[in-house]
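Open the model in your viewer and keep the sequence panel beside it.

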Amino acid sequence: MAYGGYEANGGSGRRHRAIKILLAGGFGVGKTTLVGAVSEIRPLRTEEPLTESGRTVDSTIGVERKTTTTVAMDFGRITLREDLVLYLFGTPGQERFWFMWDELALGALGAVVLADTRRLADCFPAIDYFERREIPFIIALNVFEGAREYSLEDVRTALDLDPNVPIIMCDARSRESAKEVLITLIEHVLYVADSPVAR
């Protein structure tokens, strides 16, 4: 279903619009937490316990206390108006599940790449994915306790981002912070849509 432009007529004669947003990033960066913080419904989670054999495949360096992993997606919903609903799809972070990204990305209006400054390189695959498919995205730096702080410009340089890609600090556990991330993404999507692009 192409959520980015999906409309349905719900019998009342009023059109309903669904907007699809992706949330991507490395393993253990806080995608599941952010979806849970902001969703108005109990989020759908496809988390499974980490196994000893999985630990040889999925590096837990920097997230040693993590005990579960998303194996398909996270899903949440936010009703913006009676006729406008935002659907959040959290992508799995490990490379062995990247084959699912193409399905999840169909019809997406934009994406949030959640990043951890302790493991910044983990978000490169998501950035590359959205750049190649020309899906507008922003970077949300999830602030972890004890992590070294960097300026947003240092992060932009490290990630080799275009100057127009927004970077925002966030706390994935906070509903208000998660809302600010989504507002920043929507503003960026509108900016990109209004910008003349030579093709």
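Contact here means heavy atoms within 4.5 Å. Take contacts in the protein between residues at least 6 apart in sequence: 68% of them join residues at least 24 apart. Bear in mind that this is a predicted model.

Color by secondary structure next. The protein has 6 helices and 8 strands.

Of the 199 residues, 48% are buried.

Now select residues 31-38, helix α1, together with residues 175-194, helix α6. How are two packed helices described? By the angle between their axes and the distance between the axes. For α1 and α6, the angle is about 100 degrees and the axes lie 8 Å apart. The two helices are therefore roughly perpendicular to each other, since angles of 65 to 115 degrees count as such.

Show side chains where they meet. On α1, pick L34, A37 and V38; on α6, pick R175, A178, K179 and L182. Sorted by class, this contact holds 5 nonpolar and 2 charged residues, with no polar ones.

Stay on helix α1 and select T32. Is T32 buried or exposed? Its relative accessible area is 14%, so T32 is buried, the cut-off being under 20%. G90 and T32 are 58 residues apart along the chain, yet their C-alpha atoms are separated by 6.7 Å.

Technical notes
Residues numbered from 1 in each chain as written. Predicted model: local features only at pLDDT ≥ 70, side-chain atom pairs only at ≥ 80, totals over all residues. Heavy atoms only, no water. Helix = DSSP H or I, 4+ residues; strand = E, 2+ residues; numbered from the N terminus. Buried < 20%, exposed > 50% of the residue type's maximum accessible area, 1.4 Å probe, protein only. Axes fitted to C-alpha atoms, helices over the stretch in contact; angles between N-to-C directions. Parallel < 35°, antiparallel > 145°, perpendicular 65-115°, else oblique. Nonpolar A, V, L, I, M, F, W, Y, C, P; charged D, E, K, R; others polar.
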